[in-house]
Amino acid sequence: MAVSKSPGLASFLSLLLPGLGEIYAGQLLRSIPFLVADLYVTWLTYKDQSPTSLHLDFGLLFIGVLISLASMIDAAYCAIQYNRARLDICPNCGAKNVKGNPACLMCGTPLPGAVAPGPPPGSPPLR
Ligand SMILES: [Zn+2]
């Protein structure tokens with residue numbers, strides 16, 4: 001399983017179907033408003049259409065485009081949040097490290113937020 005989520009891929013998935021990028025970024029509940037709004041607008045667009053002629057409502061199409069754009073931006077944000085919660089970016093080399101590592105696996109720089117190692121077991125207490 002990939003450790004990080006690509007904001008670009010999340011956006012692309014939400015372009016295909018609003019809400020899909022949020023699901024990819026691990027935000028299942030957050031995808032529901034986008035999915036429901038998109039399905040509702042799609043239903044409004046096609047409910048009165050005859051099979052032989054298509055009269056598109058450009059107001060509804062515009063709303064559909066707005067839903068897609070909002071979902072694309074939100075999905076990228078969800079992916080960034082996902083990565084921030086799970087990765088420490090090395091300040092020295094920029095490598096992505098899984099949270100909890102005391103130092104960068106690529107260059108050895110101590111990572112911010114890492115717990116400083118305590119005294120070795122059996123050593124006298126500090127005064
Ligand atoms: Zn590094």
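Two residues are taken to be in contact if their C-beta atoms, placed from the backbone, lie within 7 Å. By that criterion, and leaving aside neighbours within four places in sequence, N97 is in contact with L87, D88, C90, C104, L105 and L111. The structure is a predicted model, in which local features need pLDDT of at least 70 and side-chain atom pairs count only at pLDDT 80 or more, whereas totals for chains, interfaces and linings use all residues. Residues are numbered from 1 along each chain as its sequence is written.

Confidence is expressed as pLDDT, the predictor's confidence in each residue on a scale from 0 to 100. The mean pLDDT of the protein chain is 89, and 91% of its residues reach 70 or more. The chain contains four helices and two strands, where helices (H or I, at least four residues) and strands (E, at least two) are DSSP runs numbered from the N terminus. Along the sequence these elements follow the pattern α-α-α-α-β-β. Among them, helix 1 has the highest mean pLDDT (98) and strand 2, residues 96-98, the lowest (88).

The overall dimensions come next. The C-alpha trace of the protein chain spans about 85 × 25 × 25 Å along its principal axes. Its radius of gyration is 23 Å, while a compact globule of 127 residues would have a value near 14 Å; the radius is taken over C-alpha atoms, and the globule rule is 2.2 Å times the number of residues to the power 0.38. Buried residues make up 24% of the 127 residues. A residue is called buried if 20 or more other C-beta atoms lie within 10 Å of its own, exposed if 12 or fewer, and partly exposed in between, with C-beta atoms placed from the backbone. Among contacts between residues at least 6 apart in sequence, 42% join residues at least 24 apart.

In helix 1 (7-16), the buried residues are P7, A10, S11, L13 and S14. They lie on the same side of helix 1 because they cover an arc of only 160 degrees around the axis, the arc being that of the directions from the helix axis to the C-beta atoms. G8 and L16 are exposed on the other side of helix 1. The buried residues of helix 1 pack against helix 2 and helix 4.

Helix 3 has 19 residues, which at 1.5 Å a residue should span 27 Å, and its end C-alpha atoms are 27 Å apart, in agreement; the expected span is 1.5 Å times one less than the number of residues. S31, F34, D38 and V41 are buried in helix 3. Seen down the axis, these buried residues fall within an arc of 105 degrees, so they line one face of helix 3. On the other side of helix 3, L28, L29 and W43 are exposed. Helix 2 and helix 4 are included in what covers the buried residues of helix 3.

Between helix 3 and helix 4 runs a loop that holds S53. S53 is exposed, because 6 other C-beta atoms lie within 10 Å. From S53 to I67, 14 residues apart in sequence, the C-alpha to C-alpha distance is 26 Å.

Beyond four places in sequence, A75 is in contact with A10, S11, L13, S14, G21, E22 and A25. C78, also in helix 4, counts as buried because it has 24 C-beta neighbours inside 10 Å. With residues up to four places away not counted, C78 touches A10, E22, A25, Q27 and R30.

In soluble globular proteins, nonpolar side chains tend to be buried together. Here the largest nonpolar core has eleven residues: A10, L13, L20, I23, Y24, A25, M72, A75, A76, C78 and A79. Such a core is a set of buried Ala, Val, Leu, Ile, Met, Phe, Trp, Tyr and Cys residues joined through C-beta atoms within 7 Å. Helix 1, helix 2 (20-24) and helix 4 (58-86) each give two or more residues to this core, and helix 4 provides the largest share, five residues.

N97 counts as buried because it has 21 C-beta neighbours inside 10 Å. L87, ten residues from N97 in sequence, is 5.4 Å away in space, C-alpha to C-alpha.
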